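Student: I have a model open on my screen and would like to go through it with you. Could we take it one residue at a time?

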Amino acid sequence: MAVVSGLRGRVSECEVLTNLVRSAQDGHSQVLVLRGEAGIGKTALLHFLLDHATDCRVSRAAGVESEMELAFASLHQLCAPFLNRLDELPAPQNDALATTFGLRPGNPPDGFVLGLAVLTLLSNVAEDQPLVCVIDDAQWLDHASAQTLEFVARRLRAERIAMVFAVRTTDQQPKLTGLPELVLPGLATRDATALLDSAMVGRLDDRVRNQVLAESHGNPLALLELPRQLSSTELTFGPAGDTNLVSRLEDGFLRQLDVLPQESRRLFLLAAAEPVGDVDLLRRAAQRLGIGHVATQAADSAGLLELRHRVEFRHPLVRSAVYRAADVQERRIAHQALAEVTDPDRDPDRRAWHRARAVAGPDESVAAELEQSADRAQRRGGLAAAAAFLEAAATLTPDPAHRARRSLTAAQAKAASGAFEDALTLLATAQAGPLDEAEDARVQLQYAQISHYSHHGNKAMPMLLDAARRLEATDPKLARETYLDALAAAMFAGRLASGPDTGMQQVAEAMRRVELPAAATKPDRLLQDIAVLYTDGYPAAAPDLLDVVGAFGRDELTMDEAVRFAWLAACAATDLWDDANWGVLTRRHLDAIRNIGALSVLPVALNSRIIYDLYSGDLAEAESLVAEADWVAEVTGGENAMIPYGDVSLKAVRGHASLAEAQFTKILNDIALRGEGVGLNMVSWFRAIMFNGLSRYDEALDAAWTGAASPLELGPPKWALAELVEAGVRSGNTDEAADALEQLSSFARASGTEAALGVLAGRNALLRTGPAAEDCYQEESERLGTTTLRVEHARAQLRYGEWLLREDRRKDARVQLRTAYETLSALGIEGFAERARKELASTGETVLKRTIEAPVTLTTQEAHIARLVADGLTNPEIGAILFISARTVEWHLRKVFAKLGVTTRRQLRQVLPGPTPTAKRN
C-alpha cells in the first residue's frame, strides 16, 4: 500500500505538489486547483504541501461560509503578512490595496488594478524567497476575494510563486474553472481498507467493515470518522439509514458533541459563528455568556476544536454541522455576544454583520449600521459586499418608504455587481413603495439598464428613453446621462431595433427638447449635435459636430470625458472623415481605459482603435491590439465579451479570405441573435473591402449594399458607400454605383474634410472619362496624401494606375502601380497588393510576386510586449497595461530577444516591421 508522509493512496497527488514547489523555486509559477467532495483529503494535501515547502515563504487563506458577504476578507488573510511592503508598489497599486484593506481613505479601486497590485505584491515577496500560497475552502471565498485571486492566478507566469486552491465539489456553478486542476478521487480499495483498519481500536465485524468501505467510496474523512461515530449496535449490525455521506458525517460530529456539557456546546456555536478564528475574541464572547474555563477545557478535549493561536475546527463539516443544528434563538444569542465584544472602531463591518444576525425583526439602528458598512465596502471596491449589506439593511428597515428607497439602492448595487436576478427582486420590493415620482423614475431606469446590460439586446432603448423623460423634471443631470445610455442602446441596435419607435430618431427628437445648462459642456454639445444629425440631417449637423469633435481632440479632457465620451466623439469623427481626430480620440479613449484598468470596457476601446490602425496602415499595432483583446476575453472568462470586429477586420484588410469568411458567417449569426445593428454595418463594410481587394466585385457589391443600407447611422455606412461605388463600377452595375455616389457626395461635401473630399474625388473618377476622370484621380491622391489614411491613399494610386493602363498610358501607369504595389506590400495589405502586382505586370514590367520570408514566430503576448517596448515603455509600465508583473514582462522579453537575435531594446525597434506607435501617436 502507498503511504507518503501519512497520506495513504496519494502518491501521485503528493508528487504533483512536490514538483509544483520545485518549479516555483526554479522561477516558474505554478497554479493548481484541488477539487473534490467534502472529506476527500484536500486540506490534508495542503498540509503536505506546506510541510514540504522548504526554503519557501508561506501564506494561507481560507474561505468561511458565514463570511462570504464580507468583501476582501479572505484576500486580506493572504496579503496581511506582506502589507509592510506596500511602499514598494507603484502609486496606483499602493493606493488600491491600501483603500481595499481600509488602511487609508481613497476612491474605490478598479478590480483589475487591485488584481495587479496583489500580483505585484506577491511577486515582490517571491523575489526574496519562493512563495507558496494556499487557499482552502475556496468555494466559500467572498466574491471580491475570489475574483481578485482568480485574476492573480491567471496572470502568474515567471514569478517564483506556487498558488494552490482547494475547492469543494458542489451543485452550484463551479469556481476557478479553466485553471490547472487535480480532481481527487476516493482512495483505492486497498488503501481505503488500510486506512479504515488504522482507525479502529478493536475488531470490526466483516459485514460492517464491508458496508463502511462501500458507503465511504474511499473518502478518507468518512473512513476515519464513521467508525468513531458508530454505536455498539451499528458496529455489530452496520449503520442504519439512507442519508448521504456528508449528512451522516455531520450527524456523527453532532453526536460527539451531545455528550459535552451545555456550556461547551454553546462555545462550539460561538466558534462556528465567529469566522475570523480570533481566540481572544472568542474567549471574551464566552465570558459574556458565562462560559467558563471548565467548559473550554471540555470542548478542547473533545478533539473537534482547537483553541491555540487560532480557532480551528478539526474539519469544516464540524463548523457547518454545529451552526446548522442550532435553533434561531441560539444563533441570535451567539451573534449578539460576538457583536458586543467586536471593536466598533477597528472592525465595524463585522460588528454590523453580527448585529444583523442577532436581531429578531426590523431594527433601524442595525439597518443604519449596515448602510454605513455598505458605504465602506463600496469605497474599498467591494461592490458585491456593498450590495449584500444594502440588501440586509433594506430587509431590517421598519419604515416602508425608507425600506423602498434602500431596496432601490440595493438593487442598483446588485445590478452593478452583475447579480441581475437579485436586483430585480429588490426592485419589486422598492416598487411596493411608497415612492415619489423621482424614485419611481429611477426604478424604471434600473429596470431598463438591467435589460440593456444583462441581455445585450435591442429592447432597452424605449425603457431608457421613457426614464430619461421622467427624470428631466427632478434630476436634469441624471436625465442627460440617461439619454446618453439611450443613445448608446439605439446606436447598438441600429437598424435591428425591436420596433418602429425604438431607434435613433426617437432618441434624437427627445434630446433636442432637453434644455442644456447655461454652461454647456463638451459632452452636452456632442449629444445635442448628434441629435441634430438625426432630426435636421447631415448637412445641418456637420459644422457644429466638426467643431465639438475638434474640441474633444484638442482640449484637455477630464477622466470622465475621456472614458465616457471620447468613444462617441471618435464615432462622430469617423462619420465626418475627420481622420486626425479619429486617430487622436481613439488613442485618448484607449489610454484612459487602460489608465483606470477598466477591462470591462477595454474591448470597445481596443476594437475602435484597431479600425483606425487598419486605415492608417499600422497593421502591426492592430495585430498587437487584437492579441490584447484576446487576452481580455481570457482574463475575464468571456464576460463583457465583444464580437471580435477588430480581428476579422484585420484579416479582411489583409485579404485573407480563407480565414475571414467562416468567421464572418459566425459573426453575422451572432449579430442577428444579439440585435446588434452597428455590427452588421461594421462587418459588411470590411467584407466589401476584402472582396474589392480580391477583385470579387459582385460579392463586394452585395456586402457594401448591406453596409450602406442605413447611411445616417454613425461611421461605417458612409465608408461602405465608397466601397459600393467601386464595386458597382467594377461589376458593371453603374446605376447602383451612381446612386451610391450621389449619397456619398452629399455627406462628403457637408463634411468638407480633406479625407472626405479625397474619397469623393476618387469615386467620382470611377464614373467619369477622359480629362475629368484624371483630374479627379489626381485630386484624390493629393488630398489623401495629406491625411493619415495610408491604405486609402495607396488604393487611390492603384485605381489611378489602373485607369492609366486602360487609357494605354503604360509608362504613367507603371509609376502609379509600382508605388501602390510597394506601399501595399510593405503594409501587409496582400489582397490589394496582388491586384496591383497583376496590373503592373500588364504594363510589361517584370514583377516577381513578393516572397515574404517566413517570419520568426512570436506568440501574441510576445508580439504585443515587443511593440510596447518599441514604443519606449518600461517593464513596469508594460506590466500595468497588460496586468502582468514586471518579472513576467522580462521573461517574455528574453524570449523575444532570443527569437529575433537582438540584445537591446534599440535593436528590437529596428527589426520590428511597420511603424511603431512612437512614429505616429494619433
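This is a predicted model: local features need pLDDT of at least 70, side-chain atom pairs count only at pLDDT 80 or more; totals for chains, interfaces and linings use all residues.

Student: Which residues touch the most other members of the largest nonpolar core?

Tutor: A nonpolar core is a set of buried Ala, Val, Leu, Ile, Met, Phe, Trp, Tyr and Cys residues joined through side-chain atoms within 4.5 Å. Buried means under 20% relative accessible area, exposed over 50%, and partly exposed in between (1.4 Å probe, protein chains only). Among the 140 residues of the largest core, those touching the most other members are Ile 530, Leu 568, Trp 577, Leu 614, Trp 685 and Phe 686.

Student: How many residues are in the other core that lies apart from it?

Tutor: Among the members of this other core are Phe 72, Leu 97, Ala 374 and Leu 408. Its residue count is 73.

Student: Is Trp 577 buried or exposed?

Tutor: Trp 577 sits in the loop between α28 (559-575) and α29 (579-596); helices here are DSSP runs (H or I, at least four residues), as are strands (E, at least two), numbered from the N terminus. Its phi is near 55 degrees, a positive value in a residue other than glycine. Its relative accessibility is 1%, so Trp 577 counts as buried.

Student: What is the phi of Asp 137?

Tutor: Look in the loop between β5 (131-136) and α6 (143-155) for Asp 137. This residue is buried, with a relative accessible area of 8%. Most residues other than glycine have a negative phi. Asp 137 is not a glycine, yet its phi is positive, at about 50 degrees.

Student: Which residue does a cis peptide bond join to Gly 433?

Tutor: Most peptide bonds are trans. Here omega is about 5 degrees, and the bond is cis.

Note on methods. Residues are numbered from 1 along each chain as its sequence is written. Side-chain values use heavy atoms; hydrogens and water are left out.
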